[in-house]
Amino acid sequence: MVENGMFDLSGRVACVTGGNGGLGLGMAKAYVEQNASVAIIGRSQAKLDSARAELEKLSGSEKVMALQCDVTDRDAVQAALEQITGRFGSLDILVNNAGVNRRADEPHMLSAEDWEYVIDANLTSIHNVTSLAFPYMKERGRGKIINIGSMMSIFATGYAPAYAASKGGVVQYTKSCAVAWMKDNVQVNAILPGWIVTEMTNQFKEAFPDRYAMIVGRTPAGRWGQPADLGGTAVFLASSASDFVTGTAIPVDGGYSVW
Ligand code: NDP
């Protein structure tokens with residue numbers, strides 16, 4: 001474990017939605033490495049079990065919880081938060097990371113079902129979890145909420161209209177909460193990841209070779225990111241180092257959004 005001054009998360013409790021894989025697991029690892037207790041939430045029990053095993057290797061079992069919970073189900077979210085605060089005593093950090101995508105060739109071809117599925121999982125779920133988590137933070141007198149947007153919070157494509165709408169909404173929701181809750185010492189920020197290799201995107205290179213090449217060509221870093229690339233920003237926004245930072249949307253994208 002690293003003692004790291006203002007970035008140290010000893011005594012802090014984090015909940016990472018979708019922490020059972022991809023970017024969420026990358027951020028959960030960064031938190032346990034900074035000594036936080038971490039609860040991960042997801043739907044797949046198999047992914048939860050394997051993610052928990054990875055986290056326990058870093059921190060031991062007493063600081064890790066893995067909870068099966070669909071973030072679109074408000075009652076299930078309330079039950080999960082009660083379990084987390086019951087075991088760890090508080091909730092200091094919430095990362096709203098769970099997300100899905102559905103594509104169509106053009107916007108009018110996206111079905112109503114796919115629209116609803118994406119908006120529910122990516123946007124409505126953030127309000128579900130945030131509105132239920134905030135009272136714990138208010139009571140404690142501090143909190144950090146980190147919402148995961150996307151390059152689609154800034155740019156758009158014709159093939160993922162619900163995803164882009166949801167991720168644009170994530171930024172505006174972040175600002176709304178930031179304005180309301182600085183008085184309660186709760187900072188609310190967004191991270192806008194660039195193109196990161198995870199289960200969500202691992203078919204991308206084969207399915208869209210031209211777009212894949214365009215992305216690498218446009219990214220000054222000259223590569224797609226890895227989940228670990230988000231760790232530093234996720235720790236910064238969860239730690240006391242960011243106590244005067246709220247309402248921002250920080251791209252972590254190897255420079256993709258600069259030009
Ligand atoms: P993954 O598919 O690897 O991870 C998404 C996670 O969300 C899974 O662990 C999944 O768990 C969980 N999840 C999805 N829906 C629900 C739900 N209803 N309830 C609970 N958990 C849910 O994708 P990424 O790691 O790539 O994506 C993580 C976040 O980062 C998403 O919000 C995504 O939009 C965003 N993002 C990703 C980028 C990338 O390039 N990879 C770029 C920009 C943003 P389970 O399957 O068990 O439900």
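R52 is partly exposed, at 29% relative accessibility, where partly exposed denotes the range between buried (under 20% relative accessible area) and exposed (over 50%), computed with a 1.4 Å probe on protein chains only. The structure is a predicted model, in which local features need pLDDT of at least 70 and side-chain atom pairs count only at pLDDT 80 or more, whereas totals for chains, interfaces and linings use all residues. Residues are numbered from 1 along each chain as its sequence is written, and side-chain values use heavy atoms, with hydrogens and water left out.

The side chain of R52 forms a salt bridge with that of D49 at 3.3 Å, N to O; a salt bridge requires a side-chain nitrogen of Lys or Arg within 4 Å of a carboxyl oxygen of Asp or Glu. Because R52 and D49 are three residues apart in helix 2 (residues 45–59), about one helical turn separates them. D49 is likewise partly exposed, at 36% relative accessibility. Helices (H or I, at least four residues) and strands (E, at least two) are DSSP runs, numbered from the N terminus.

Ten salt bridges were found in a search of the whole structure. In one of these, the side chains of R102 and D114 meet at 3.6 Å, N to O. R102 lies in the loop between strand 4 (93–96) and helix 4 (112–140), and D114 in helix 4, so the pair ties together parts twelve residues apart in sequence. Both partners are partly exposed, R102 with a relative accessible area of 32% and D114 at 23%.

A further salt bridge joins D184 and K138 at 3.2 Å, N to O. This pair links distant parts of the chain, 46 residues apart: D184 in the loop between helix 5 (161–181) and strand 6 (186–193), and K138 in helix 4. D184 is buried, with a relative accessible area of 12%, whereas K138 is partly exposed at 46%.

Seven strands form an open sheet with parallel pairing, in the order 3-2-1-4-5-6-7; two strands pair if DSSP finds at least two bridges between them. Strand 3 (64–68) and strand 7 (249–252) are the edge strands, each pairing on one side only. From one strand to the next, the twist averages 20°, with axes fitted to C-alpha atoms, for helices over the stretch in contact, and angles running from 0 to 180 degrees between N-to-C directions. Strand 2 (residues 37–42) pairs with strand 3 in the parallel sense over five bridges, and A66 in strand 3 is the bridge partner of I40.
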